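The briefing is grouped by topic.

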Amino acid sequence: MKALSLPMPAEALPRRVRFTALLRLGKLLFGTPLNGLLTVLFGAMLVVTVPPMLRWLIIDAVLFDPDPDACREAVGACWSFVYAKSGQLLFGIYPLAERWRPAIVCLVILALLGWSVRPASWTARLLALWIATLAFIVWLMGGGFGLAEVPTASWGGLPVTLILTVVAIGIAFPVGILLALARRSTMPAVRIGAVVLIESVRGLPLLSILFVASIMMPLFLPEALLPDKFVRALVALTIFAAAYLAEVIRGGLQAISKGQYEAAAALGLPFWPMQYLIILPQAIRVVIPALANTVIVMIKNTSLVLVVGLFDLISSGKAALADPEWPSPAAETFLFIGAIFFALSFSFARFADFLERRGPVSH
Amino acid sequence: MSASPASIPAPFADPTIAIEMSEMNKWYGAFHVLRDIDLTVRRGERLVICGPSGSGKSTMIRCINRLEEHQRGRIVVDGVELTNDLKRIEEIRRDVGMVFQHFNLFPHLTILENLTLAPIWVRRMPRREAEENAMFYLERVRIPDQAGKYPGQLSGGQQQRVAIARSLCMNPKIMLFDEPTSALDPEMVKEVLETMVSLAEEGMTMLCVTHEMGFARQVADRVVFMDHGQIIEEAHPDEFFKNPRHDRTRLFLNQILN
Amino acid sequence: MLSDVKTRSILIQIVLVAAVAAFAVLLVHTTFANLRARGIPVGFDFLAMPSRIVISEAILTYKSRDPYYWAIAVGLANTIFLSTLVIVFSSILGLIVGIARLSSNPLASGTCRVWVELARNSPPIVLLIFLYSLWWKVLPPVGEALNPLPGVYASMRGFVVPDVSVNLSTAGLLTAIALLVLGMSSLLVLRNMISRLALAPAGLFLVVVALWVADIRFDVEWPTFTGSNFSGGNELTPELSTILIGLTIYTTGFIAEIVRGGILSVGRGQWDAGHSLGLSRGKILRLVVIPQMLRVILPPLNSQYINVVKNSTLAIAVGYPDFLAVMNTIISKSSHSIEGVFIILGVYLLLNLTLSSAANWYNRRISIVER
């Protein structure tokens, strides 16, 4: 009691706090026999794996030395390769002098994607903004009207990944809404059609859809109408995304009470205005976390386009590795590419968590 | 089938009749919900419909604006017969307002947007005019200061008054009330009933499904008692409460008045 | 007329069906016109012809003289083999990681959280290519093969693990099956008469007896190192090992999250309620918590298993010949693309359907047991 009423010496307090924190940590680590065992087990695992990893990653690594021979001699990672080749890794074989264009495109897409997840920004203006942005992106990437023309075959790296993601999702979103509504229709033919389409696309691996798109489209379509590889992959990704989005949106539609439909009907709203004004805005708000999740899945999925010969991040990594001047540090390169994907997807996931925690808006 | 709804001369077209149901029947699967309903409502008339739960009273008024579909018999609303014709259904819904037990306001829209939505999209009213119109009705239900809020920020009684105003904004000829006070806390019932009474005093044609017998005594021209999907008895409230003719009516009144 | 609800609904459906049919006819027409123009024959009779394609490794025996249909079967067997192993490994690991994430030990929960986040936020194909590139960097040549567990060797040439072979005679197998069917059905008939507690041991006893009758012997062959090579044991190539490890790491991240969610979904109130009824901890766990957890876990777990089958197509990125990779080779070799595409779609839809109906069956069963 007496000790409590005494004023603490000024510098003793922090040490005491530090000590209790340490004590608490010690209790967490060794408080019970199970925790002690876990600590020893995981501690041993970390001690065995982390130091050699750190040595390879940083201590023994060549960081910025532009001389390829430094990498040949080093025991650790060759980050100078990634550093020297970062332009090629990020933008593929896009003409050197024009690389500022895909760089701007990446920034614009990321900004727009983040902006679009906020329900507060869902207005007709956002839609217009999207269309304008897409047109702007296509112009900036492809050229024309004062810019040097760059064919899609020379597009590569991160912008390809991002463009495929946003364009596929952008087109798939309205298609997914239509499919979700169709699946809830009272008309059997409409409903069955939607179920068959959604479930078969969801039942197939994306890779098989990409293959089918690249194999079948040349056979389906007359030669004159045949789109290039880029568009073919885009079509496959869009169909894939639409089926998944349809199910997400259907989940939201199921959460809307019957009373909302009845109130809208009683006011004399016909079917489409009812959906557009009353049902969909509420349904989509419910599923924002799931939608954000689908966007992440799509970002990850676009990495598969390399298999059908598109020049995304992975293929530009492979191309960079082919440079005979350098020892080919494949692990470092793919670690770098993996880190880009991780950063994109992790930050988007945290953003979605933040939106979810803020709860349904406007109540 | 072929003629447009506006030109349909109802066979017994009588301009003083608002709603006419004759031999109307409805089934949910094998369950016979409404049996041979015959009911005529004149313009300006105020009906209170009561009866035990499950007696079909809500279903009956929901048939009037086609939230429920009847299978046999006729319903003529404002001279237009209800059929499968979408145009007629939409026309009738434009002219018939409805207030629900659970308010059913649109939670993602502000109060003002709730009120202007249908006038703008269904009546094609210019936004400014719709907003002035909405403010007029919000003042009538005495909550003009809440126009910018969302439904979730209002009390139950306020929400129900907004719902009434939302219907009035469409300038309806008939108002349907489906147990408008059943979901309210007791202290909020009064403010909603007051709004309804003032509406009745202006001569609105009203059909109210309610257990508020005080309201029935005060404003109803006729009380309709339903049980097991049938209309058992209809009478002026004085008569209805003093001398119920039917045993079942007496039993019901005993249960809810004591 | 057009505004009549029923007429309109029928009309919309007719228009839809007609449009789909017209689209299909158009597709088929152009496809056949294109095929004819290129002189490509159509039909499934090529399946019986010798394929002469190379399949680098296979579970079933395969020679390049074998017909196409056998090549397809070999690819499919590889896919099923791969998916099964990944499902088994990642279920076990996922259970451990999921529980460890809820541990109060910060070291354990932190490490597992890093695992889960890394797995969930990286594209599996990048993970696979990264792991594959590590293979020659991390692992020693055969001569200095690592020996992390008894009988398991790891080197640049892949893994070597003990080979377990099952020996049994047809007669023994048939007797055992007959015995099992008989015993199980009589148990089912008698299940109301004998106590529930006796049921499980009785079933176990039956299985043991059946195994004994069938005379199944598991022969384990340990690999031995003979100077420059291994003899005996099973060799897993770097390709197979990479995709096994990669997909297991990836899937474990997702299964761990499902397990964690399942455990969290059963609230503390259930434990309190159980205790207040006087149930023991074990009984609460068995009768209250686990049934509820299973019901929450099973549907997402099943879709993860289906995802494993779908993700097994990524084998193509490291050059392991799974079903899709084999089909791709067949299509480019035989130019029977239409037929190939139909086989691809059919097989994956069938695999999927099998898995999800098995899960549905199991789901129904556990929900009946609950009632």
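Is Trp155(A) buried or exposed? At 7% relative accessibility, Trp155(A) counts as buried, where buried means under 20% relative accessible area, exposed over 50% and partly exposed in between, computed with a 1.4 Å probe on protein chains only. This is a predicted model, in which local features need pLDDT of at least 70 and side-chain atom pairs count only at pLDDT 80 or more, while totals for chains, interfaces and linings use all residues. Residues are numbered from 1 along each chain as its sequence is written, chains are lettered from A and ligands numbered from 1 in the order in which they are written, and side-chain values use heavy atoms, with hydrogens and water left out.

**Aromatic pairs**

- A search of the whole structure finds 15 aromatic pairs over all chains; rings of Phe, Tyr and Trp (its six-membered ring) pair if their centres lie within 6.5 Å, and planes under 30 degrees apart count as stacked, over 60 as edge-to-face and the rest as tilted.
- One of these pairs joins Trp155(A) and Phe230(A), whose ring centres are 5.3 Å apart and whose planes stand at 70°, so the pair is edge-to-face.
- Trp155(A) lies in the loop between helix H8 (124-142) and helix H9 (158-183) of chain A, whereas Phe230(A) belongs to helix H12 (residues 229-254) of chain A, so the pair ties together parts that are 75 residues apart in sequence; helices (H or I, at least four residues) and strands (E, at least two) are DSSP runs, numbered from the N terminus.
- Phe230(A), at 8% relative accessibility, counts as buried.
- In chain C, the rings of Tyr250(C) and Phe254(C) have their centres 5.0 Å apart and their planes at 55°, so this pair is tilted.
- Tyr250(C) and Phe254(C) are four residues apart in helix H7 (residues 238-265) of chain C, and are therefore separated by about one helical turn.
- Tyr250(C) counts as buried at 9% relative accessibility, and Phe254(C) is buried with a relative accessible area of 17%.

**Charges over rings**

- The charged end of Arg202(A) sits over the ring of Tyr244(A), 5.3 Å from its centre; a charge sits over a ring if NZ of Lys or CZ of Arg is within 6 Å of the ring centre and within 35 degrees of the ring normal.
- In chain B, the charged end of Arg166(B) sits over the ring of Phe106(B), 4.6 Å from the ring centre.

**Antiparallel sheet of chain B**

- An open sheet of four strands in chain B has the order S2-S1-S4-S5, with antiparallel pairing; two strands pair if DSSP finds at least two bridges between them.
- S2 and strand S5 (80-81) of chain B stand at the edges, each with a single partner strand, so one side of each is left without a neighbour in the sheet.
- Strand S1 (residues 17-28) and strand S2 (residues 31-42) of chain B pair over eight bridges in the antiparallel sense, and Glu20(B) stands opposite Thr40(B) in S2(B).
- S1(B) and S2(B) form a hairpin with two residues between them, and Gly29(B) in the turn has a positive phi of about 60°.
- S1(B) also pairs with strand S4 (residues 72-77) of chain B in the antiparallel sense over five bridges, where Val77(B) in S4(B) is the bridge partner of Ile19(B).

- Strand S7 (residues 174-178) of chain B is mostly covered, since five of its five residues are buried.
- Ile174(B), Leu176(B) and Asp178(B) point one way from S7(B), Met175(B) and Phe177(B) point the other way, and all are buried.
- Strand S6 (residues 96-99) of chain B pairs with S7(B) in the parallel sense over four bridges, and Phe177(B) is the bridge partner of Val99(B).
- S7(B) and strand S8 (residues 205-209) of chain B pair in the parallel sense over five bridges, with Cys208(B) in S8(B) as the bridge partner of Phe177(B).

**Cavities**

- The structure holds four cavities of 30 Å³ or more; on a 1 Å grid over the protein atoms alone, a cavity is a set of points where a 1.4 Å probe fits but cannot get out, and lining residues have an atom within 4 Å of a point.
- About 50 Å³ of space lies in the largest cavity, with grid points joined across faces, edges and corners and the volume taken as the space filled by probe spheres set on the points.
- Strand S3 (158-161), strand S7 (229-231) and strand S8 (234-236) of chain C are the elements that give two or more residues to the lining of the largest cavity, and S3(C) gives the most, with three residues.

How values were computed. 1 Å grid on protein atoms, 1.4 Å probe; cavity = no way out; pocket = protein on both sides within 12 Å on 5 of 7 lines; lining within 4 Å.
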